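Student: Can you walk me through this one? I'd like to start in one spot and then zoom out.
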Amino acid sequence: MRILAFDTAGNGCSVCLWQDGQTLALRTLPMSHGQAEQLIPMIAAVREDSGLSWQDLDAIAVTIGPGSFTGLRVGLAAAQGLTLATGLPVIGITTLEAYARQAANAGHRGAILVAVDARRDDLYLQPFHADDTGGLRPLAAPLAAPVEQVATLLADWGITTATVTGDATALLDGIAALTASHPQAAVDPACLAGLAAGRSAAEAPAIPLYIRPPDAAIPHNGGQLRPDVPHD
């Protein structure tokens with residue numbers, strides 16, 4: 001199976017072309033802004049590097065969040081545009097599952113807590129369990145919570161020992177239950193493709209996962225600089 005996979009939800013922009021467990025071409029750039037300008041040229045570059053045409057591909061994989069609202073919109077809009085142009089199915093994978101899978105692929109077993117920096121006063125969190133064969137399953141739904149609540153959440157989930165992974169591991173130093181750490185700066189698009197390869201677009205639709213409302217708010221008074229004043 002040949003999959004074009006890309007991630008713009010976090011601290012970078014990354015694209016790969018993947019075939020049956022092998023990365024044929026890869027481009028990555030660390031960035032917190034500007035993915036809209038970089039993504040399409042990077043997609044063109046990996047296609048050129050791989051020598052594959054759109055007709056050679058089977059699917060597109062994209063991260064659906066949680067993450068940067070702007071970054072998510074960039075990736076999902078690009079995926080939707082490409083599927084309209086090519087007819088390829090688009091498969092959505094959460095950033096949290098991708099981070100957990102990367103930790104499991106690195107050999108971590110048992111409970112895995114994914115922690116992603118929400119760039120405010122809280123973290124995006126989700127616990128998973130990796131069995132002895134590397135099989136992965138979620139232990140609870142994703143949520144947003146402050147660092148101060150993480151120890152309580154782990155106890156509520158019945159987790160006494162876990163590996164913490166994601167891009168916010170440094171924020172959880174000192175929590176006794178987190179006995180191992182697997183920091184990751186960004187989602188690996190090859191891991192994203194590997195997750196998508198076992199799913200259909202119906203099973204994993206490319207619908208954004210928003211855990212909290214956007215930082216932007218509807219302005220008071222409809223955005224006017226001063227309130228309406230009735231006229232005689």
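Student: What covers the buried residues of H1?
Tutor: This is a predicted model. In it, the cover over the buried residues of H1 includes strands S1 (2–7), S2 (12–19) and S3 (22–30), along with helix H2 (69–86).

Student: Which residues of H1 are buried?
Tutor: Gln35, Leu39, Met42, Ile43, Ala45 and Val46. An α-helix has 3.6 residues a turn, so residues three or four places apart point the same way.

Student: How many residues does H1 have, and what is its reach?
Tutor: H1 runs over residues 35–50, which is 16 residues. From first C-alpha to last, H1 reaches 22 Å, close to the 22 Å expected at 1.5 Å a residue.

Student: What comes just after H1?
Tutor: Glycine 51, with a positive phi of about 75°.

Student: Zooming out. How many helices and strands are there?
Tutor: Five helices and eleven strands.

Student: What does the C-alpha trace span?
Tutor: About 75 × 50 × 30 Å along the principal axes.

Student: And what share of the residues is buried?
Tutor: 46% of the 232. As for contacts with a separation of 6 or more, 60% of them are between residues 24 or more positions apart.

Student: Charges: how many positive and negative?
Tutor: There are 12 positive and 22 negative charges, and their mean positions are 3 Å apart.

How values were computed:
Residues numbered from 1 in each chain as written. Predicted model: local features only at pLDDT ≥ 70, side-chain atom pairs only at ≥ 80, totals over all residues. Heavy atoms only, no water. Helix = DSSP H or I, 4+ residues; strand = E, 2+ residues; numbered from the N terminus. Buried < 20%, exposed > 50% of the residue type's maximum accessible area, 1.4 Å probe, protein only. Contact = heavy atoms within 4.5 Å. Lys, Arg positive; Asp, Glu negative; His and termini not counted. Charge placed at Lys NZ, Arg CZ, Asp CG, Glu CD. Expected span 1.5 Å × (residues − 1).
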